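Subject: Structure handover

Hello,

Here is the structure for your files. Please open it alongside this message, as the notes refer to residue numbers throughout.

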Amino acid sequence: MEIEIVPVKQSEKHILENLYQLYEYDFSEYTKLDIDKDGKYPVNIDFYWEGDGRWKPYFIKMSGTVMGFVIALLENMDVNPDPDHVVYDFMILKKYRRQGVGYSAAFKTFELYQANWKLAQMEANQGAIFFWRKVIHDFTNGKYTENYREDRKMYVQSFSTKQSGQNV
């Protein structure tokens with residue numbers, strides 16, 4: 001299975017917006033977000049293309065088929081020449097889950113940049129915590145840190161792809 005991480009072009013924004021509806025639906029279990037009067041979740045991703053170079057949206061594809069998306073955020077890029085890279089949003093369509101698609105896509109995402117990385121998961125989202133702990137552990141050979149943010153009720157993992165011996 002050859003997973004590709006492909007930048008989302010502005011002309012493909014509508015596809016990403018549609019995927020975000022599914023993403024918000026999945027997350028509504030944790031966020032308690034409701035749909036609006038038109039039956040949609042409030043999604044605005046215009047800023048990904050409005051000159052703010054910190055946001056890097058990608059489709060996750062195999063053989064040209066979109067299987068999900070990942071959004072990388074170059075945190076504090078405006079003030080830090082070596083910003084932390086954050087997996088801001090990550091979604092695999094349910095049809096492709098538990099088949100190694102997300103695992104492979106995560107590895108490929110980390111390989112995009114030699115950087116310091118951070119990921120966070122809501123405490124209530126045990127599936128995401130389990131997934132990211134396994135992925136990050138396997139990718140880094142256990143060389144990562146994890147902290148719990150009581151104020152945000154989130155687990156945060158940090159690691160670097162700059163060090164020698166990483167999978168980059």
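Predicted model: local features only at pLDDT ≥ 70, side-chain atom pairs only at ≥ 80, totals over all residues.

Residues are numbered from 1 along each chain as its sequence is written, and side-chain values use heavy atoms, with hydrogens and water left out.

**Sheet**

Helices (H or I, at least four residues) and strands (E, at least two) are DSSP runs, numbered from the N terminus. Two strands pair if DSSP finds at least two bridges between them. Seven strands form an open sheet with mixed pairing, in the order β1-β2-β3-β4-β5-β7-β6. The edges are β1 (3–7) and β6 (145–149); each has a single partner strand, so one side of each lacks a neighbour in the sheet. From one strand to the next, the twist averages 30°. Axes here are lines fitted to C-alpha atoms, for helices over the stretch in contact, and angles run from 0 to 180 degrees between N-to-C directions.

Strands β5 (residues 116–122) and β7 (residues 154–160) run antiparallel and are joined by seven bridges. In this pair, Q121 stands opposite Y155 of β7. β7 also pairs with β6, again in the antiparallel sense, over five bridges, and there T145 has S158 in β7 as its bridge partner.

The hairpin of β6 and β7 has four residues between the strands. K153 lies in this loop and has a positive phi of about 55° although it is not a glycine. K153 is partly exposed, at a relative accessible area of 39%. For accessibility, buried means under 20% relative accessible area, exposed over 50%, and partly exposed in between (1.4 Å probe, protein chains only).

**Helices**

Helix α1 (residues 13–31) lies across β2 (55–62), β3 (65–75), β4 (84–92) and β5, and runs at about 75° to β3. Helix α2 is mostly covered, with eight of its ten residues buried. Among them are V101, G102, F107 and F110.

**Pocket**

The largest pocket has a volume of about 1400 Å³. On a 1 Å grid over the protein atoms alone, a cavity is a set of points where a 1.4 Å probe fits but cannot get out, whereas a pocket is an open set with protein on both sides within 12 Å along at least five of seven lines; lining residues have an atom within 4 Å of a point. Grid points are joined across faces, edges and corners, and a volume is the space filled by probe spheres set on the points.

There are 42 lining residues, and those closest to the centre are F27, F90, N125, A128 and W132. At least two lining residues come from each of α1, β3, β4, α2 (101–110), β5, α3 (126–140) and β7. The lining has 23 nonpolar, seven polar and twelve charged residues. Ala, Val, Leu, Ile, Met, Phe, Trp, Tyr, Cys and Pro count as nonpolar, Asp, Glu, Lys and Arg as charged, and the others, Gly among them, as polar.

**Other loop residues**

R98, in the loop between β4 and α2, has a positive phi of about 65° although it is not a glycine. R98 counts as exposed, at 83% relative accessibility.

V43 sits in the loop between α1 and β2 and is partly exposed, with a relative accessible area of 25%. Leaving out residues up to four places away in sequence, V43 touches Y20, Q21 and E24, where contact means heavy atoms within 4.5 Å.

Regards
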